[in-house]
Amino acid sequence: MRNIKAIMKRELHGYFSTPVAYVFIVIFLFMTGIFTFYVGSFYERNQADLEPFFNFHPWLYLFLLPAIAMRLWSEERKTGTIELLMTLPVTVADAVVGKFLAAWIFSAIALALTFPIWITVNYLGEPDNAVILSAYIGSLLMAGGFLAIGSCVSALTRSQVIAFVIGAAICFLFVLSGFPMVLNLFQAWAPQALIDVIASFSFLTHFSSISKGVIDLRDLVYFVVLILFWLYATVVVIDIKKGG
Amino acid sequence: MSDIKPAIAVASLDKHYGPIHAVRKISFTVNHGEVLGFLGPNGAGKSTTMKMIAGFLSPDGGTVTVNGHDVVEDPVGVKASIGYLPEGAPAYGEMTVQRFLQFIAEIRGFKSQARDVRIAEIIRTINLESVRDQTIETLSKGYRRRVGLAQALLHDPDVLIMDEPTDGLDPNQKHEVRTLIRNMASDKAIIISTHILEEVDAVCTRAIIIAAGEILFDGTPEELRARSDRRDIDDAFRRITTNQTAGYA
């Protein structure tokens, strides 16, 4: 626990002592603004809710969060600090969890900074704040899923560019796995049960119900299991790499 | 720590990188009070061996025991009793020296009060006062190396493994680091790797020459010197390493 905390603190400090954090947060806030007001027609809809805001989160996360996750391990490999970190008395799991939590907290900070839009919608009308809270929780869980996938991909390579591209591609599959363009690939040959399983992997399906205020235990479990699975995979990848 | 038990025991240690047989079943022990110089041509397997002792790479075969902890069974136990300076002294560039050492101290289990005292102490010992609030990426090579040393020595480990601790330092800095090592030598087990043969005379009580993954020589600096007709360490090194491995001539 002490080690996880120390690694998490170091990592978070790393984000904020370079321009990475500020660039990310500014771009994230700017993009959510554009998507909500222009693409999502926040005003024109004349409804006091944040649906246009949350609807775009999966798409924003798709290319912003792999950019955060890509540095988690690739950078350590590139600069050689992984040798320092892994010869300190910490377990691989400590390091994986500490780094993931730092990235997750960072994305939570960026998400929390979207609060003006919540104030705006409360000023303009009377939204259901329970639904909004539920959607924030869903968005945060989904961000955790993206980051956990990115963490594993980042552990595979010393190149941040490769980590970004592959990370984004895998996340894209997870976002879209409920859509015909992915399911059609399997329709011809796979049994219906497998297709249902693949469809149930979709980030969108799980996120959209939470963001509508329906907190179903299955959706929560889905994201938690997904995060744990990819973090475990990260540990395995690092252990294998240790074998040289 | 009893003197009978070796601090570091390496037995039949073996490592492949794909088709390359980097370390071939080497065995040796290091006791407390010994400073072992690890010599050998580039690519001989020195760094690989040190990485395996420090628990960064896992061996393909053989065992490493440090203070009774097996590196495969109890890696955290081994890492807790070792101070390790990796080759090139990597450190988190965006952190200041002070913050970096705070992070290391936290991981090494120092509590708040003791931590500050110990960091202040090590900064004084290693002469880092003038750069303590500078970020590591802005430091010169010599200072970076010293930050690496400070990191390795912070918890006052009784086993120290340093991969080329004086590489890239100017003559004065080299002298300082050697003095530092000599002063710690009496109660610690120390392994240093080096390309600088005069360092063997300056600090080591024992030398191992390794080439192509095998130990070619294990003895005192005096015995090494005796291998040369001219009683010259450079000459002895050349004789030993070029005899068996023509590729390195």
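How much area is buried between chain B and chain A? I'll come to that after a word on the model.

What we have here is a predicted model. Its scores are ipTM 0.91 and pTM 0.91. For chain B, the mean pLDDT is 90, with 96% of its residues at 70 or more. One stretch to treat separately is residues 245-249 of chain B, where the pLDDT is below 50. Beyond near neighbours in sequence, that stretch has seven contacts in the model.

Now the interface. The area buried between chain B and chain A is about 2,700 Å². Carbon and sulfur atoms give 63% of that area. On the chain B side, the residues that lose the most area to chain A are Phe56(B), Tyr92(B) and Ile107(B). Together they make up 27% of what that side buries.

In terms of residues, 28 from chain B are in contact with 27 from chain A.

Next, the polar part. Between chain B and chain A, 10 residue pairs are in polar contact, counting pairs with both residues at pLDDT 80 or more. The rule also finds three salt bridges across this interface. One of the salt bridges joins the side chains of Lys9(A) and Glu106(B), at 3.0 Å from N to O.

Where on chain B does the touching side come from? Strand S1 (8-17), helix H2 (75-81) and helix H3 (97-107) of chain B each supply at least two of its residues. H3(B) gives the largest share, six residues. Sorted by class, the side of chain B that touches chain A has 16 nonpolar, four polar and eight charged residues.

How values were computed:
Residues numbered from 1 in each chain as written. Chains lettered and ligands numbered in written order. Heavy atoms only, no water. pLDDT = per-residue confidence, 0-100. Contact = heavy atoms within 4.5 Å. Buried area = accessible area lost by both parts, 1.4 Å probe. Salt bridge = Lys/Arg side-chain N within 4 Å of Asp/Glu carboxyl O. Polar contact = N/O pair within 3.5 Å; in protein donor to acceptor, adjacent residues only side chain to side chain. Helix = DSSP H or I, 4+ residues; strand = E, 2+ residues; numbered from the N terminus. Nonpolar A, V, L, I, M, F, W, Y, C, P; charged D, E, K, R; others polar.
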